[in-house]
Amino acid sequence: MISYGSMVRGRFDGQAQATSPEEELVGHYWLRLGPREVPLREGETLIGRGDGCQVVVNEAMVSRRHARIVLSGARPYLEDLGSANGTFVNQARVHGFHDLFPGDHIFIGTCDMEVIRVVEVDRPTVPVFEDELDRPTPSSGVSAFDPASAARVTLPKSPIPEFEDSAAAKAELEWFETSTHLADKMFTMGRVDAALRILEGPLKEILDGARLGRLPSAALLDVVGRYAVKLANDTVDGSWVDLAIETHLLSGRPLREETIQKLATLRAKAPIGNDALIEQYYEQLRGVMASFSPADRLLSERVACLLPALGPYSEPV
């Protein structure tokens, strides 16, 4: 969970923590997180999920000891501590030590931290205006945004209908959207490889859960289909087409119109994906189509444009 309270010596608690005059004298460099600012102390500032970190970002994509900022002398530097998903400054992933300058954006999980420098020692904060929070993506490729708070849901091994635990379904959707927020940043920066590493685990976990009877909610299924097809398009890897189709087949629901169109365009360029699986999916939809709403019946018929016998843009007769 991410929040924008004080992050000095503990988790976000929404209250500014008092600092001594001696600490304020050192705090020329600060981290800005949304409307809040946190002074960097002399020495080491740990960032991660662990209780021992001074800046705690409680997200699944963040390691317990993810990175650290060291302030010793005129300028701070950043070091990634071997995190699984990496630490980024502006467009670049950090390897080793990286000097920090005012205006740099540190990107950890879905948390965007801007390095700022305070000129007046007694100034408590720098005003943050709404137009700054909503500003377009700068040339660095990183912009301020509202990160999603999410709790990861472990998929059960026994079949549990989604309607029995709507809270868990909502939490699972929020958990996956946390990954998509981070992946979208990587796509924007042209880091398809990083986006793949972020999405691969969650997508496969959702598919494995569906195979065991834990079917995703309709909202989660739509997001899974959209991002699986996006990965297939950017990597030209048919396994992501198969993942999207199989997850929808197991759930017995049609793909969304946008996803069908993108998948049809992709298969027109490269015949990737398992044709037999797509045919099985279409036949399944035809068998249960009578129970669908008119809109879902239309979407089910649109799936026929993915069949190789009809061609990628052919409409069913």
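Predicted model: local features only at pLDDT ≥ 70, side-chain atom pairs only at ≥ 80, totals over all residues.

User: How many helices and strands does the chain have, and what share of its residues is buried?

Analyst: Helices (H or I, at least four residues) and strands (E, at least two) are DSSP runs numbered from the N terminus, and here there are nine helices and 11 strands. Buried means under 20% relative accessible area, exposed over 50% and partly exposed in between, with a 1.4 Å probe and protein chains only; by that rule, buried residues make up 49% of the 317 in the chain. For contacts, defined as heavy atoms within 4.5 Å, 58% of those with a separation of 6 or more join residues 24 or more positions apart.

User: How do I read a sheet, and in what order do the five strands of the open mixed sheet lie?

Analyst: Two strands pair if DSSP finds at least two bridges between them. The order is E4-E3-E5-E6-E9, with E4 and E9 as the edge strands, each pairing on one side only. Strand E3 (residues 43–48) runs antiparallel to strand E5 (residues 67–71), joined by five bridges, and Thr-45 has Ile-69 as its bridge partner in E5. On E3 there is also a parallel pairing with strand E4 (residues 55–56) over two bridges, where Ile-47 is partnered by Val-55. E5 in turn pairs with E6 in the antiparallel sense over five bridges, and there Val-70 has Tyr-77 as its partner.

User: Which strands stand at the edges of the six-stranded sheet, and why is one side of each left without a neighbour?

Analyst: That open sheet has the order E2-E1-E11-E10-E7-E8, with antiparallel pairing. Strand E2 (36–39) and strand E8 (92–93) are at its edges, and because each has a single partner strand, one side of each lacks a neighbour in the sheet. E2 pairs with strand E1 (residues 29–33) over four antiparallel bridges, with Arg-32 opposite Glu-37.

User: Which residues form the aromatic pair, and what is its geometry?

Analyst: Rings of Phe, Tyr and Trp (its six-membered ring) pair if their centres lie within 6.5 Å, planes under 30 degrees apart being stacked, over 60 edge-to-face and the rest tilted. A search of the whole structure finds one aromatic pair: Tyr-77 and Phe-97, edge-to-face at 5.2 Å centre to centre with 85 degrees between the planes. The pair links distant parts of the chain, with Tyr-77 in strand E6 (residues 76–80) and Phe-97 in strand E9 (residues 97–99), 20 residues apart. Tyr-77 is partly exposed at 24% relative accessible area, whereas Phe-97 is exposed at 54%.

User: Finally, is Ser-251 buried or exposed, and what does its side chain reach?

Analyst: Ser-251 lies in helix H6 (residues 238–251) and counts as buried, because its relative accessibility is 13%. A polar contact is a pair of N or O atoms within 3.5 Å; within protein, one must be able to donate a hydrogen and the other to accept it, and residues adjacent in sequence count only if both atoms are side-chain atoms. The side chain of Ser-251 reaches the backbone oxygen of Thr-247 at 2.9 Å. Not counting residues up to four places away in sequence, Ser-251 touches Leu-215, Pro-216 and Leu-221.

Technical notes:
Residues numbered from 1 in each chain as written. Heavy atoms only, no water.
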